[in-house]
Amino acid sequence: MKPRLVLVGLGHGQLEILARIEQLRERYEVGYVGLDETIYTGAFPQVIANEMASAVVNLRPDVTPVASRLVSLDPVKRIIETDQGMIAYDHLVLATGAKSRGIGTGLKPMTDVAIEHIQASRAVTIVGGGKAGVELAFACVRSKQHVTLYAKQILPDLPKRVGRHIARRLVASGVTLIAQQYEGGDAPDGLVLDATGVVPVEWWHRSGLAEEGSFIPTDAYLRHTTYQDIYITGDMAMGLNGGVDAVRSGRHVASALLGDEKPYKQRTSLNILLTTPGHALLTFGRLTWHGRCSYWIKRQIDRRYMQKFTH
Ligand SMILES: Cc1cc2nc3c(=O)[nH]c(=O)nc-3n(C[C@H](O)[C@H](O)[C@H](O)COP(=O)(O)OP(=O)(O)OC[C@H]3O[C@@H](n4cnc5c(N)ncnc54)[C@H](O)[C@@H]3O)c2cc1C
């Protein structure tokens, strides 16, 4: 009998693993737990700005979910509890993502309904000046919404001159920039959106996968440090960061499940965020480029991604 491989969650990494399902089925009895569609976060700001029709990507039609939600997991007995009952596994891949901190409307997990809600709001107050908050602020202002952005600093991971340049562009585009922490006291303008980053989900600790309030620790192969039959991809893993890492971790785990056991190598990743109409900021580590060429590259990447995962 083949070992039972259970894939949970339709995160960005899982889509990469599911892309190799024929090969996986030769070695494993594969089961999938999760929804049949998800949002490609690289593109949803463009949907808000009415520059793309949809950011929904789907589960492959040759995969039928055995349940739609994981509730908890017993890593010692190798059993997951789902909305459809208990499922045993020999190997497990978790790609259920993390969640927003809880200020106003969270951006993670992102849903189609949340996107419609944001689009329908005349004004938005965005909290957080990292890449997600900045990209969202530009997208909302491109769609003619009134935007307030609370950020002590703009793009704190990048050189200060880049942050200052982008802050000037935000203000020139019509964004009201408030250089302080959002306290939630005054009546906010429109919908409050939490772009302050993600935090762990409670069931990770309840199931013994992580310390309370921590992300899940993984070894060099992206396996859980204690339960080596569990692979972790994307935002759940302590050492991974962002959608590019989520995609790369999924590809890595797919190869590992197919017998190519190499350690996962962290790499500097290319990130591009759309800014003013026809422009984007490209970042590679601390290198940056703001202009039309970055915009064109980003649109190509997103178009290709959507084509690959829209069935
Ligand atoms: C506004 C914004 C813009 C961003 N832009 C970029 C970008 O341009 N580039 C970039 O690299 N990163 C970007 N990010 C970060 C990126 O979104 C995340 O790093 C990425 O989504 C992480 O993917 P993941 O695979 O961990 O899971 P997620 O994308 O969070 O997906 C998790 C999936 O699991 C499902 N799920 C959750 N719980 C369960 C459960 N219990 N059972 C079954 N299924 C479950 C969810 O419904 C969802 O489909 C952006 C984030 C935001 C907020």
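**Entry 1: Ile48**

I started with Ile48, which is buried, with a relative accessible area of 2%. The model I am reading is predicted. I placed Ile48 in helix α3. The cut-off for buried is under 20% relative accessible area, so Ile48 qualifies.

Which residues does Ile48 touch, leaving out those up to four places away in sequence? I listed Ile115, Ile118, Gln119, Leu136, Cys140, Ser143 and Gln145. I then looked up one of these partners, Leu136. Ile48 and Leu136 are 88 residues apart along the chain, and their C-alpha atoms are separated by 8.5 Å.

**Entry 2: helix α4**

I stepped back to the loop between β10 (105-106) and α4, where Pro109 lies. The peptide bond from Lys108 to Pro109 is cis. I read its omega as near -5°.

**Entry 3: positive phi**

I looked up two residues other than glycine with positive phi. Asn50 has phi near 60°, and Leu222 has phi near 70°.

Where is Asn50 found? I located Asn50 in the loop between α3 and β4 (56-58). Leu222 sits in the loop between α7 (202-206) and β16 (230-232).

Then I asked of Leu222: buried or exposed? Leu222 counts as buried, at 3% relative accessibility. Asn50, by contrast, is exposed, with a relative accessible area of 58%.

**Entry 4: Arg267**

I moved on to Arg267. This residue lies in the loop between α8 (242-257) and β17 (270-274). Its relative accessibility is 59%, and the cut-off for exposed is over 50%, so Arg267 counts as exposed. I also took the C-alpha separation from Arg248, and I got 9.7 Å.

**Entry 5: the whole chain**

The secondary structure of the protein chain comes to nine helices and 19 strands. The radius of gyration is 20 Å, close to the 19 Å that the globule rule gives for 311 residues, so the chain is as compact as a globular protein of that length. I also noted the box that the C-alpha atoms fill along the principal axes, roughly 65 × 40 × 35 Å.

How many of the 311 residues count as buried? I have 50%. For contacts between residues at least 6 apart in sequence, I found that 64% join residues at least 24 apart. The chain exposes about 14900 Å², and carbon and sulfur atoms supply 52% of that area.

Last, I looked up the charges. There are 36 positive and 30 negative ones. Their mean positions are 10 Å apart.

Definitions and conventions
Residues are numbered from 1 along each chain as its sequence is written. This is a predicted model: local features need pLDDT of at least 70, side-chain atom pairs count only at pLDDT 80 or more; totals for chains, interfaces and linings use all residues. Side-chain values use heavy atoms; hydrogens and water are left out. Helices (H or I, at least four residues) and strands (E, at least two) are DSSP runs, numbered from the N terminus. The radius of gyration is taken over C-alpha atoms; the globule rule is 2.2 Å times the number of residues to the power 0.38. Buried means under 20% relative accessible area, exposed over 50%, partly exposed in between (1.4 Å probe, protein chains only). Contact means heavy atoms within 4.5 Å. Accessible areas come from the Shrake-Rupley method with a 1.4 Å probe; for residues, only the protein chains shown count as cover. Lys and Arg count as positive and Asp and Glu as negative; His and the chain ends are not counted. The place of a charge is taken as NZ of Lys, CZ of Arg, CG of Asp or CD of Glu.
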